[in-house]
Amino acid sequence: MNDALIFNIQKFSVHDGPGIRTTVFLKGCPLRCLWCHNPESQDINKEILYDNKKCVLCGKCKEVCPTDAITIEDGKLTTDKDKCNYCGECVIYCMYGAREVVGRRYSVDEVMKEVMKDKIFYDQSNGGVTLSGGEPLIQIEFVEELLRKLKEEKVHTAIDTSGAVSFEILERAAKYTDLFLYDLKLIDDDKHKEYIGASNKDIIDNLVKLSKIHSNINVRMPIIGNINDNIAHIEKTIELLKELNIKKVNLLPYHSIAKHKYEKLGLVYEDEKMIVPSETKMNYLKEIFKKNGYIVKIGG
Amino acid sequence: MRGYTERTKILRQESVTTQPSVSLERALLETEFYQKNYGNIEIPVLRALNFKNLMEKRKLYIGEHELIVGEKSEGPQVVPTFPELCAHTVEDMTVMDSRTYISFKVNDKDKEVQAEKIIPYWKGKSTRDKILESMTPEWKDCYAAGMFTEFMEQRAPGHTVADGKIYQKGFLDFKKEIEEEIDKLDFLNDKDAYDKKAQLEGMAISCDAIMIYGQRYAAYARELAEKEKNPQRKEELLWIADNCDVVPANKPETFAQALQMYWFVHIGTTTELNTWDAFSPGKIDQYLHPFYKNEVADGSMNYDKARELLECFWIKFNNQPAPPKVGITLKESATYTDFANINTGGIDPITGENGVNEVSYIILDTMDEMKLLQPSSNVQVSEKNPDDFVKRAVEISRKGWGQPAFYNTEELIQELLNAGKTLEDARYGGSSGCVETGCHGREAYVLTGYLNVPKIFEITINNGFDHYTNKKIGLETGNPEDFKSYDELKEAFFKQLEYFINVKIEGNNVIEKIFEKYMPSTFMSVITNGCKESGKDYNAGGAKYNTRYIQVVGIGTITDCLAAIKYNVFEQNRFSMKEMLAAIDANFVGHEMTRNLVLNHTSKYGNDDDYADDIMLDVFTNVRDRIKGRKAVCGGIYQIDMLPTTCHVYFGSVMTASANGRLAHKPVTDGISPEKGADTNGPTAVIKSCAKMDHTSTGGTLLNQKFAPSSIAGEEGLVNVSSLIRAYFNMKGHHIQFNVIDRDVLLDAQKNPDEYKDLIVRVAGYSDHFNNLEKALQDEIIDRTEQAFN
């Protein structure tokens, strides 16, 4: 059966493409952006989010766990990832809301059933369904079939992609995708490697190639103070985009509200390296794009 | 200061800053009149002569800058009392004078008058006394326990709305029609001819009464003009006098006279009796448009003039707080708002085509500028209406004070057709009060009281016992611990439901007869189709259509309670019924795990999840079918509404904890909204869940949605909210309204009320000042799930 690991199906999503939409968030991402707002989306496997601030170490989770994956020692609770089967019993029986399973496997039909519930709103608002992540395209078999079924039902489709996949995969998806939301983070490859953990060469190549076969691409740029909010970077980005058939740009200001999620995942969040860009700064950057003839929006 | 012109700025300011107070003028005139005349005259004639006496003798008021004249009492924010319905005790008056919320000043001298003249005469004679004397012990037990409320306990039936006839005919015309009906009476063959004659005579006298009132205003305006030094004002006063020469005796000739005509009718209706929901102009953009068009064509009218007149008109509504309520009646409707409701947009009732016209847009601008509690300024949205009309209405609504609310024209019409009205009449359909549906100008649709459905379930799981009054008030349907299946539980619940509905309707039947006999509404009967022709009163089933509503409260709470037990006890065996009952008894103290399971890990209504929504449908259908279609004693049939006003707070306050994890004394759900915090899938899921019930088989449903302002900003926000409304209405939703205020702002307002005197929020089918709401209701509004657009 064609299924995928999904960590959220968000109804009434209005910042991921036009109109009222449902955004399907697929889990797993080849990149590790320093500022990632959804760190729970990165790993391709299910995970347990654990909030030690809420946990009172009552031991109920340990008691109900069918695989004995939980231990409490020296005032510290740990979950053995090898033993845990992510059944979710511990989540149900935690009265303090300290535990959460991230990721659930869905078949294409299950997702279709869920997203088609809001068809009436898509039709009314010229909205539709957006696939996001993580990087949705790494589960291309699933994505392709889902997109094809959505098009059969005449639903507008959008993909929010990092571009960090092979072009062949983008091509397969493009057939059934009405709108690409294509993330462009850093033009300088050294910085890209430093902050994202991979080269941007394929990402940029893919964007160039995609713009030749697809006419509806919005570029999304996260703006992170200290990292990519300088004029030189913006100018380089515009230089690149000028060669391409792209008219719309979204500037997404960095925010630090994901911090608690890193803690719950047991990951380190290097927020000291990043600054939340000011409104003035965002407007200034917006103006630069506007002067160059782009339709720009701050936010999704 | 708000106001399109200097004049409306001043008038509005006066309206919003004057402390409401009580006047005994009406009570005294009426008591003296009754002392002289009661027993000598047929009741309908007596009531009409009493009305005429009031209209002849009461003081007149023309405010310094007013263009539309007439007040319910001696001036803005002064209210009359209605001792024939409810003769307040001196203690009642002390309470209303000193209470923090919804207070009315009563001076000591008036309290003396009340004690010496008013109370002694009306004791045992007021309808309130008559009602309380006539009710059975079972009814009284239920009433004390908060199983239901009773609308006619302190006020009179009403709830109805004007149609277009008062703009095409004057009261001279109506009187002539009445006299023709008297001439037609057949004393040889019609056993009721004598009663009909008394009724029709009463109606004719009521026409005289309102015409005398108009003439008095014309004379008074001239008298003031005589003394007026300012030439401009002098001219205005003479213009007012000229208008009052024409209306209400004759049909209005101008836009201004049309407004003055309605206003005289409004004052007449609400002086005659203390009608619930005052009285409403309904589809007034439709009725005003021909006047506007003609006058614009001849150069005597323009946007500015129409706008100023409409603002003056708006302020007149706001000048009339609902007369003071006390006790349970105050709890079910804790507001100054008297629910006069304006339906802008929708369709032209004559052609059935798009009804949005220039006046509709001027009304939207007026409500935006005025930002007043009254009138409840609402819009009807038809699929035939242009998008820019809906967007303009959304633009006002998202400012956060709850107006306008949105009503679905096509669904309203379908409701009325389903209830047996002709298409021609159904096109006059609209809402009044909060969301109640009726055919304007041709239907008596009377709300009779709220029904506490979650509490019926509470009584069921207590085998008939009520913890609030410490008494057995329900049936013995068995110890729930012995129930072997969910179906057994449900069956017991439906038995109790049947029982409490029966007790309520039995009481209604008696109350209806009391009003038929003692409190005919002869003036309202003049302007309601059917009463003249049948020679019967509005309160006696004389209208062309007659509907009695019971308002069902708490569908969200009851659904989640049943889902909690079905899923956790009977299907998953997570815990026993015994544990469920013990947890409820203990208000979940010491049973936190049980609460966690029912609250956080059970399907809830409002998420487009069929598990809970199917239970909602089962309850909805069973409640509806036990009420809908029953015959009312004065003719007509019963129907349900799904609306709460403020009753969900009162109903919650008389309850223990609930199976869904709701704690003791906390509010139950409002309207058809989900339980607070239960709707975690966003507004589209809420709307889908709500649309699963058949709205067209009810007389109206109410849905609250709260948004954070940032989530619906910009042009895209307007389009998305408009789409949300259109989609809900395509699914035959009846009504939706929005609160758009940050939670933080509300919390701050609660702490610093003085800094938020202007803060208006949507409560139920109306808006109110946040400061006027009691703490529990404030909390409740803060807790309504805020739907963020992600």
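Analyst: Let's start with a strand pair: β9(A) and strand β10 (residues 179-183) of chain A run parallel and are joined by four bridges. Strands count as paired if DSSP finds at least two bridges between them, and the elements themselves are DSSP runs numbered from the N terminus, helices being H or I with at least four residues and strands E with at least two. Within this pair, A:A158 has A:L179 of β10(A) as its bridge partner. Right-handed here means that, with the strands pointing away from the viewer, the path from the first strand over the helix to the second runs clockwise.

Before going on, a word on the ground rules. This is a predicted model, in which local features need pLDDT of at least 70 and side-chain atom pairs count only at pLDDT 80 or more, while totals for chains, interfaces and linings use all residues. Residues are numbered from 1 along each chain as its sequence is written, chains are lettered from A and ligands numbered from 1 in the order in which they are written, and side-chain values use heavy atoms, leaving out hydrogens and water.

Back to β9(A), which also pairs with strand β8 (residues 128-132) of chain A, again parallel and over four bridges. There, A:G128 sits opposite A:H156. The chain gets from β8(A) to β9(A) through helix α5 (residues 140-152) of chain A, in a right-handed β-α-β crossover. Five of the six residues of β9(A) (residues 156-161) are buried, so the strand is largely enclosed by the rest of the structure. For burial, under 20% relative accessible area is buried, over 50% is exposed and anything in between is partly exposed (1.4 Å probe, protein chains only).

Elsewhere in chain A, A:C29 lies in the loop between β2 (21-26) and β3 (47-50). A:C29 is buried, at 17% relative accessible area. Leaving aside neighbours within four places in sequence, A:C29 has contacts (heavy atoms within 4.5 Å) with A:S41, A:Q42, A:G134, A:E135 and A:I138.

What about the partner chain? Chain A puts 21 residues into the contact and chain B 23. Together they bury about 2100 Å², 61% of it on carbon and sulfur atoms; that area is the accessible area (1.4 Å probe) that the two parts lose on being put together, summed over both. The count of salt bridges between the chains is one: B:E716 meets A:K297 at 3.0 Å, N to O. A salt bridge needs a side-chain nitrogen of Lys or Arg within 4 Å of a carboxyl oxygen of Asp or Glu.

Over all chains there are 84 salt bridges. One of them joins B:K72 and B:D338 at 3.5 Å, N to O. B:K72 lies in the loop between α3 (43-57) and β2 (78-79) of chain B and B:D338 in the loop between α14 (327-332) and β3 (341-345) of chain B, so the pair ties together parts 266 residues apart in sequence. Both residues, B:K72 and B:D338, are buried.
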